[in-house]
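This report concerns one predicted model, whose sequence and coordinates are shown here.

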Amino acid sequence: MSNEMGESRNRKKKLVSFLMVFFVLSVGIGIGTIISYRVDAGGPGDSRLKIQTDSRLPSGNAALALSLAFEEVSRTLEPTVVNINTEEVVRISRRAPGSGDPMEDLFDRFFQMPNAPQQFTRRSLGSGVIVDPKGYIITNSHVVESATKIKVSTHSGEEYLARIIAADNLSDIAVIKIEGNRQFPYARVGDSKAMKVGDWVIAIGSPFGLEQTVTAGIISATGRVFPDAISAEMRSTLFNDYLQTDAAINPGNSGGPLVNMKGEVVGINSFISTATRSSAGVGFAVPSHIFVNVYNQIIDKGKVSRGWLGVNMNTLPFTPAMASYFGVKQGGGVLITGLSAEDGSPSDTAGPAAKAGIKPEDVIVEFGGKKILSVQDLRLAVANTPPGQKAKVKVVRFSDEKVFEVTVAERMLENPAEQGTFSFEETPEPKQEIGLRFDNVPRDVLQEINLQGGALVLSVQPGSLAEDAGLQGQDRGGYDIIVLVNGRKIMNAQDLLDLVKNLRSGEHAVTKFLRVVRGANRRIDTLTYYTSFAKP
C-alpha cells in the first residue's frame, strides 16, 4: 500500500516537473522568436519595403467608393478629351520714318535691328472635348479665334489638323472638326440645370501643357452672372450664366469639359478668377444649356442668332422705394427707360417691344413664362429666345398688370466682332513651304567649333515646315548648322539645295543638325539634334 502511494507521488512530481519544463521551453521559444524577429527585421535585406496588394477595406467604405467613382468617370472621359495647339502668324508693321514721334523715329533709326523678323509665330495651348463620332469638337472661342493652324492631339497619341466650323465670341464657344478614317470616341452631355451646389465634378484638360490632367472639386455656385462686365474680355459674360467650381482650372484647361459623376459633360471650362493666373479655386464653365444651343445652331446654320427686344433698361438697382412707386408687388423687375428700332435708333413704334405695345416706365416682371427680377434675367431670357419666336411679356404699368405678345427680333451689333459668330469657308489649305534660308558656314565659325562643313540656317519662316521641325534662324540667339540629311553629309549650302530639290513631293528629309549657342564666359556649347520634314 505504501509502495503504491509512493509511486503515485513520484508520478505527480514527474508530471509537475514535465509541465514546468514545457512552460519554460515555451516561454523561451516565444522570447527567442520575438528577439529573432526584431534582430532579423533590422538586418540587411529584410528591411526592404513591400507594396501590399492584398489589403482589404471595410465594406461600405465611402472614401473607397468615391475614389472608384472618380477613377471610372476619368477612364470613361479621357479618350474624348483632346489637347489643342494653335499657331498664329503675327505680322509686324513698321512705321515709316518721320510719321510719328521724333524720339521714336530716332530710336528706330539707331536701335532697330535691320534684320529683325517682320513676323513671328505665336503659339498657345487649350483643350477640347469630342462630342460627335464624326470628329466634332467643342472648345472655347478664345482658344482658336486667331489661329492660322490648329493641331489636335488625342488621348491615344494621334495628331490631326483641325478646321474651325464656327466660333461664337458672345458665348466663348467654338466648334472645330478633325477628319479620320474611324469613328471617334465621344462624350455624353448632361443637364447643367440639374447640378446643385455641393455636387462633385471633374475637370479634364491640359493645364500648362500637361495633357490629360484630371482635377476634382464641387459645384460652388450655379447660374453665376456678371451683369456689370464692361471690358472687352468680359463681354461674353453679359449673355451667359456659369457653373462655378473649385476644381483646379489653370491656363490650358480652357475648352476642356467639366464632368458630373455620371460621366456627362455639364460645362466647358472657360475662365478663372485669380490675381496670379493660376488656380485660386474660383473657376467658371459655360453650362450645357448654353453650349448645346450654340453648338446646334452652328451645326445647323453655321452661325448663332440671339433674340432682341428693342428696349433700354434701367441698370441701376430697382429699390423697394421704386417697386412701391411703380406698383410692383413682387419687389423686383426691369424698368424700361426707352425703346429702340432694329437699326439701334430711338423709336417708340419700330422695335419689337414698341410694336407689341410696351412703353417706357413699364416694369417687365415676366418673359416667356420666366420670372424676371434683374436686368441680367431679362438679358439672358431674350438672348436665348430664337429670333422670330413669339414670347408673352408681362409688365406692371403703375400697379396694373398687362401681358403683351412680342415677336422677338434678331440681335444685331454694329461691330461684327461683338456680334459674336465668325466662321471659315471650306477653302483648300494653302500649301506649306519649307521656309528655310541657308548659306555656307563661315570659315571662322567652322574653325571655332572644329567642324569640316555644313549649311548654316539664316532664317526660318514663321508657320513653315522648317519651323514645325524645330529649326531656328540666327535671330533666336544662336545658329543651327545642318550636317546630315537622309544619311548624306552636307558640306555646304549647295549640297543641301541639291538634296532637297531631288526629293519627291511627300518624301521626308531626316535631318541632323548642330545648335551652336554661346553660354556663360563666352563658352561655346554645341548640341546635336535630329528632326524631319516632308517636301511639299
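The model is predicted: local features need pLDDT of at least 70, side-chain atom pairs count only at pLDDT 80 or more, and totals for chains, interfaces and linings use all residues. Residues are numbered from 1 along each chain as its sequence is written, and side-chain values use heavy atoms, with hydrogens and water left out.

**Cavity**

A cavity is here a set of points, on a 1 Å grid over the protein atoms alone, where a 1.4 Å probe fits but cannot get out; lining residues have an atom within 4 Å of a point. Grid points are joined across faces, edges and corners, and a volume is the space filled by probe spheres set on the points. The largest cavity holds about 80 Å³ of space. Its lining consists of S171, F239, N240, I290, N293, V294, Q297, V304, S305, R306, A383 and N384. By class, five of these residues are nonpolar, six polar and one charged, where Ala, Val, Leu, Ile, Met, Phe, Trp, Tyr, Cys and Pro count as nonpolar, Asp, Glu, Lys and Arg as charged, and the others, Gly among them, as polar. Helix α5 (residues 288–301) gives the most to this lining, with four residues. Helices (H or I, at least four residues) and strands (E, at least two) are DSSP runs, numbered from the N terminus.

**Helix α2**

Helix α2 (residues 62–77) has 16 residues, which at 1.5 Å a residue should span 22 Å; the distance of 23 Å between its end C-alpha atoms agrees with this. The expected span is 1.5 Å times one less than the number of residues. F70, V73, S74 and L77 of α2 are buried, that is, under 20% relative accessible area, with exposed meaning over 50% and partly exposed in between (1.4 Å probe, protein chains only). Seen down the axis of α2, the buried residues fall within an arc of 100°, so they line one face of the helix. The arc is that of the directions from the helix axis to the C-beta atoms.

**Strand pairing**

Two strands pair if DSSP finds at least two bridges between them.

| Strands | Bridges |
|---|---|
| β23 (residues 436–440) and β24 | five bridges |
| β24 and β25 (residues 479–485) | two bridges |
| β17 (residues 363–367) and β19 (residues 390–397) | four bridges |
| β19 and β20 (residues 400–407) | eight bridges |

Strand β24 (residues 455–460) has five of its six residues buried, so it is largely enclosed by the rest of the structure. In β24, V457 stands opposite F438, while A455 has I482 in β25 as its bridge partner. Elsewhere, F367 is bridged to V393 in β19, and K390 to T407 in β20.

**Single residues**

Strands β19 and β20 form a hairpin with two residues between them. F398, in the loop between β19 and β20, has phi near 50°, a positive value in a residue other than glycine. S399, placed in the loop between β19 and β20, has a positive phi of about 80° although it is not a glycine. F398 is partly exposed at a relative accessible area of 36%, and S399 counts as partly exposed at 47%.

D241 lies in the loop between β9 (213–224) and β10 (242–245). With 12% relative accessibility, D241 counts as buried. Its C-alpha atom is separated by 9.3 Å from that of F284, 43 residues apart along the chain.

How values were computed. 1 Å grid on protein atoms, 1.4 Å probe; cavity = no way out; pocket = protein on both sides within 12 Å on 5 of 7 lines; lining within 4 Å.
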